[in-house]
Amino acid sequence: MLIRLCYASTRNELANDLIEDLNAILNTARDFNGKNKIFGVLYYANNHFFQCLEGERSIVQSLFHSIKNDARHNSIIEFEIMNIDKISFKNWSMKYVQKCSKVDLFFNQLGYDSFTPAALNNAHLNSLLNELLKEKQTRVRKKVGLNQRGISSFL
Ligand SMILES: Cc1cc2nc3c(=O)[nH]c(=O)nc-3n(C[C@H](O)[C@H](O)[C@H](O)COP(=O)(O)O)c2cc1C
């Protein structure tokens, strides 16, 4: 049985460097998910994560158990688990999308200034996922030089 599980969370601000964390999370995710036929997307903006995980129910649920206990984030908001017939993010073991105007616009239309995962409800999820499906994947950039040019786009 295939399911789709989505949640939002708040990044633990006491955690390490953001770029290092994102790289580590994506490396672990792509390795494990690739081996276990898990697919999905991770979005990060304004100190919040939004993630969609798709795959076999038992694997997704046990992975989510580990993710919930991960000290790199907290205040997890879990959305309704959906049974699905097909995988939407089949091209990505974990697509990464960084703060983008389409998602900001989506939240503007809900009446918020920017990405506010707490405002999401189950009915909004499909529209948000469609935006994330269409959006280009972002490469997490390493810090460049002393002025850390590479991280400006996350701020
Ligand atoms: C926001 C976020 C998303 C994550 N997504 C995944 C994922 O898709 N797949 C994965 O294997 N680990 C993911 N992780 C890492 C897991 O939380 C955890 O580190 C990993 O499953 C190893 O767990 P273990 O040390 O208990 O074996 C994510 C972590 C965070 C903070």
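Predicted model: local features only at pLDDT ≥ 70, side-chain atom pairs only at ≥ 80, totals over all residues.
I went on to Gln51. One of its polar side-chain atoms sits 3.0 Å from a ligand nitrogen. Then I checked Asp70, where an N or O atom of the side chain is 2.7 Å from an oxygen atom of the ligand. Next I looked at how covered the ligand is: taken alone it exposes 620 Å², and the protein buries 74% of that.

**Entry: the shell**

I found 16 residues surrounding the ligand. Asn33, Gln51 and Asp70 turn up again among the closest, along with Phe32 and Arg72. By class, I have nine nonpolar, five polar and two charged residues in this shell.

**Entry: the pocket and its elements**

I checked the pockets too, and the space the ligand takes is the largest pocket. Which elements give two or more residues to the shell around the ligand? I noted helix H1 (18-35), strand E3 (48-56) and helix H2 (57-68). H1 gives the largest share, with five residues.

**Entry: Thr138**

Last, I moved on to Thr138, which I found in the segment after helix H4 (122-134). Is Thr138 buried or exposed? Its relative accessibility is 16%, so I put Thr138 down as buried, since the cut-off for buried is under 20%.

Terms used. Residues numbered from 1 in each chain as written. Heavy atoms only, no water. Near = heavy atom within 4 Å. Polar contact = N/O pair within 3.5 Å; in protein donor to acceptor, adjacent residues only side chain to side chain. Areas by Shrake-Rupley, 256 points an atom, 1.4 Å probe, with all protein chains shown as cover. 1 Å grid on protein atoms, 1.4 Å probe; cavity = no way out; pocket = protein on both sides within 12 Å on 5 of 7 lines; lining within 4 Å. Sits in = over half its atoms within 2 Å of the grid points. Helix = DSSP H or I, 4+ residues; strand = E, 2+ residues; numbered from the N terminus. Nonpolar A, V, L, I, M, F, W, Y, C, P; charged D, E, K, R; others polar. Buried < 20%, exposed > 50% of the residue type's maximum accessible area, 1.4 Å probe, protein only.
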